[in-house]
Amino acid sequence: IIVAFDVITLASGISLPSDYLVSDVVQGGTFIAVAVLVGCRITPPGATPWLWAVSLVVSGVALNFQYTFDPAGAGIGILIMLLAVSGPLTLFWVPFLAQAAVVLGVSSYTLLTYQPDYAVPWIITLLTVTGASAALLFARRRSALDVARVTVELAHIATRDSLTGLLNRHGLAEAGEVLRGLAH
């Protein structure tokens with residue numbers, strides 16, 4: 001999306017500074033690399049939230065860099081969208097909080113340095129969006145845990161007799177396959 005935006009902008013005749021384009025290529029490349037690593041299951045599952053957090057930090061720093069030479073650009077708007085999706089994307093609290101702290105710290109410094117008159121309202125907006133992202137993270141984790149709990153309950157109901165708690169025909173068939181495998 002980032003690179004496509006640049007291509008459309010350039011195709012419409014609007015020139016972009018080369019630093020801006022390099023920054024966007026770094027952002028887009030980071031997200032694509034993480035998506036490939038996660039999608040191909042190359043990294044261990046525990047690393048996935050941290051990879052997303054790092055890619056969000058890279059993008060946040062790049063957007064702040066862009067803001068330093070183009071305060072009227074879309075950098076803060078994109079940063080707001082980035083922070084909004086960061087919680088549900090990382091799905092774990094520690095990577096989310098670490099990423100949010102870095103991005104908010106860098107953003108606060110950038111805003112206070114380059115636009116001190118507008119810094120406080122923007123920082124409040126960034127904090128509010130981060131809070132909303134945390135709420136989305138909480139809701140997504142809770143729904144994932146609910147799905148896991150219901151899945152375990154359904155598996156139990158499907159394989160056990162409700163009155164005795166003993167394995168039913170389906171449960172015995174599953175257990176029989178495991179026992180037959182062990183016997184071989």
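The largest pocket of this predicted model has a volume of about 480 Å³. Its lining comprises 20 residues, of which Ile 1, Ile 2, Gln 27, Phe 31 and Ile 78 are the closest to the pocket centre. Helices α1 (2-11), α2, α3 and α4 each supply at least two residues of this lining, and α2 gives the most, with six residues. In terms of residue class, 14 nonpolar, four polar and two charged residues form the lining of the largest pocket.

Helix α4, one of the contributors to the pocket lining, consists of 16 residues, 75-90. A kink of about 25° lies at Ala 84, shortly before the proline Pro 88. The buried residues of α4 are Gly 75, Ile 76, Leu 79, Ile 80, Leu 82, Leu 83, Ser 86, Gly 87, Pro 88 and Thr 90. These buried residues pack against α2 (18-39), α3 (48-69), α5 (93-114) and α6 (119-159). Leu 91, which follows α4, has a positive phi, near 70°.

Thr 159 lies in helix α6. With a relative accessible area of 13%, Thr 159 falls under the 20% cut-off and is therefore classed as buried. Beyond residues up to four places away in sequence, Thr 159 touches Leu 166, Leu 167, Asn 168, Gly 171 and Glu 174. The C-alpha atoms of Thr 159 and Ala 173 are separated by 9.1 Å, with the two residues 14 residues apart along the chain.

Key:
Residues are numbered from 1 along each chain as its sequence is written. This is a predicted model: local features need pLDDT of at least 70, side-chain atom pairs count only at pLDDT 80 or more; totals for chains, interfaces and linings use all residues. Side-chain values use heavy atoms; hydrogens and water are left out. Helices (H or I, at least four residues) and strands (E, at least two) are DSSP runs, numbered from the N terminus. The expected span of a helix is 1.5 Å times one less than its number of residues. The bend at a residue is the angle between axes fitted to the seven residues ending there and the seven starting there. Buried means under 20% relative accessible area, exposed over 50%, partly exposed in between (1.4 Å probe, protein chains only). Contact means heavy atoms within 4.5 Å. On a 1 Å grid over the protein atoms alone, a cavity is a set of points where a 1.4 Å probe fits but cannot get out, and a pocket is an open set with protein on both sides within 12 Å along at least five of seven lines; lining residues have an atom within 4 Å of a point. Grid points are joined across faces, edges and corners, and a volume is the space filled by probe spheres set on the points. Ala, Val, Leu, Ile, Met, Phe, Trp, Tyr, Cys and Pro count as nonpolar, Asp, Glu, Lys and Arg as charged, and the others, Gly among them, as polar.
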